[in-house]
Every structure is written in structure tokens, then in C-alpha cells.
Amino acid sequence: MSFLLKIASLWLPDFIMKKELDKIALSTINGLDKLLEEYAPSKVGEIPDEKLEGSLEERRASMAMAHNKRVKALISAIGHEKTIKIGREAMFRVGCNLGCEARQRLKVGNDLGDLELAAKILYRILGIKFKIKNMVMVVNTCSLSKYYSPEACMVLSAADEGVVHGLNKNLDMQFKHRITIGSLECIACIYRVKR
């Protein structure tokens, strides 16, 4: 385990958490904006730019509301099914890039312990608490769930799945249950990639 990964897992100052959250928000919002430009260009002008300001919680709320607006606009333009499909594909790619970048910066190794620590750092920034046992991730606290529509959660959870794959190319993750659709916890299974 790298020294940087260990230190970051123990302590991240607030200003770094805000900076990292803004980066995640920018990547995901830009990803959804590209979809709007491609599939619903008439909707682009209807969505005001979001300002990420204030505390971490305020920034998380602004990010989630920005996601909601964009997913809703896509659904109204191209329908629910297509929005979920293309949204999840795009967010998986965004998440994968974020995970790859985090892997390099934190020098994440290939074992599950490194993945769990790195994911906890990223999830702490998002206000999410989880545990992994027997390759199953159980999220019992998600600050975004109180803001997300079920559809936005469905689309944006693909970014989480992409982050896991970006952190470790040998692993994939898939959510099975989500708080936003009535489950008490989000549950995601982690799989070894079959080659």
C-alpha cells in the first residue's frame, strides 16, 4: 500500500475535498452536457449553469441538482430507456477516467484492500459511507440520495461502477439495489473481469 493512499485514507483537509468534489462535479456535468448537445441540443439553453459554492454538503446538493436537471431534460427529449442507456455508458466512461486518475495519483495497487481504501477516499468526498464484505459493497449512507431522482441515481451510479473499474482494471462493479428506489441500502456486487 502506498504511503499517499494510506495518508489520504486517514485525513483529507476540507479545501482538498472541495477541490476534488468540484472536479468530480465538472467531469460528470460536462459528460451529461455533451449528451444534451448531441441528443437534445434544444434543451441546452434551458438549463442554467450551476455554481458550486459553500460547504461540501451545499456543493454536493448543487452537483446532484445539476445532474437531475440534465437527466430530466434528456428523458423529456429522447425518453427514459434511451437516456438511461446512453447516460450510463457516458457516466461509466467518466467514472473510469476519474478512477484511473485516482489510481495514478494515489498509487493504488491491485489488491482489494487498496481498492477499498481508494474508493473510501472518493466516496468520503461525495458523502457516501460503505463497507465491502465478500465482494459486496453495501452503502448505508449516501448524502446524494436525498437529492437524486431515481433516474439520475441510475445514470450516475454508472460513474461509481466506472471508478471501480478505473481503480482496478481487473474488477467491475454493478449496483443491484439503490436507496433512491426504496432500498434501505445501496448494494453493489464486485466481480473479477473475465478475459
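How many positive and negative side chains does the chain have, and how far apart do the centres of the two sets lie? Colour the charges in your viewer and take a look: there are 31 positive and 23 negative side chains, and the centres of the two sets are 5 Å apart. Keep in mind as you go that this is a predicted model.

**Stop 1: the whole chain**

Switch to a cartoon view. Follow them from the N terminus and the order reads α-α-α-α-α-α-β-β-α-β-β. The radius of gyration is 16 Å, close to the 16 Å that the globule rule gives for 195 residues, so the chain is as compact as a globular protein of that length. Turn the model around: along its principal axes, the C-alpha trace spans about 50 × 40 × 30 Å.

Now try a surface view. The chain exposes about 10100 Å², and carbon and sulfur atoms supply 56% of that area. Of the 195 residues, 48% count as buried. As for contacts with a separation of 6 or more, 66% are between residues 24 or more positions apart.

**Stop 2: Arg 70**

Go back to the cartoon and select residues 56-78, which make up helix H4. Show the side chain of Arg 70, which is found in this helix. Is Arg 70 buried or exposed? Its relative accessibility is 2%, under the 20% cut-off, so Arg 70 counts as buried. Next, show what Arg 70 touches beyond its neighbours within four places in sequence: Ile 29, Leu 32, Asp 33, Leu 36, Ile 47, Pro 48 and Glu 50.

**Stop 3: an aromatic pair**

The structure holds one aromatic pair. To see it, select Tyr 123 and Phe 130. Their rings sit edge-to-face, 5.2 Å centre to centre, with 85 degrees between the planes. Tyr 123 is buried at 7% relative accessibility, and Phe 130 is buried too, at 8%.

**Stop 4: two loop residues**

Select Lys 107, in the loop between helix H5 (80-106) and helix H6 (112-126). Lys 107 isn't a glycine, yet it has a positive phi of about 55 degrees. With 58% relative accessibility, Lys 107 counts as exposed.

Then hop to Asn 134, in the loop between strand E1 (128-133) and strand E2 (136-142). Asn 134 also has a positive phi of about 55 degrees although it is not a glycine. Where does Asn 134 stand, buried or exposed? At 67% relative accessibility, Asn 134 counts as exposed.

Terms used. Residues are numbered from 1 along each chain as its sequence is written. This is a predicted model: local features need pLDDT of at least 70, side-chain atom pairs count only at pLDDT 80 or more; totals for chains, interfaces and linings use all residues. Side-chain values use heavy atoms; hydrogens and water are left out. Helices (H or I, at least four residues) and strands (E, at least two) are DSSP runs, numbered from the N terminus. The radius of gyration is taken over C-alpha atoms; the globule rule is 2.2 Å times the number of residues to the power 0.38. Buried means under 20% relative accessible area, exposed over 50%, partly exposed in between (1.4 Å probe, protein chains only). Contact means heavy atoms within 4.5 Å. Accessible areas come from the Shrake-Rupley method with a 1.4 Å probe; for residues, only the protein chains shown count as cover. Lys and Arg count as positive and Asp and Glu as negative; His and the chain ends are not counted. The place of a charge is taken as NZ of Lys, CZ of Arg, CG of Asp or CD of Glu. Rings of Phe, Tyr and Trp (its six-membered ring) pair if their centres lie within 6.5 Å; planes under 30 degrees apart count as stacked, over 60 as edge-to-face and the rest as tilted.
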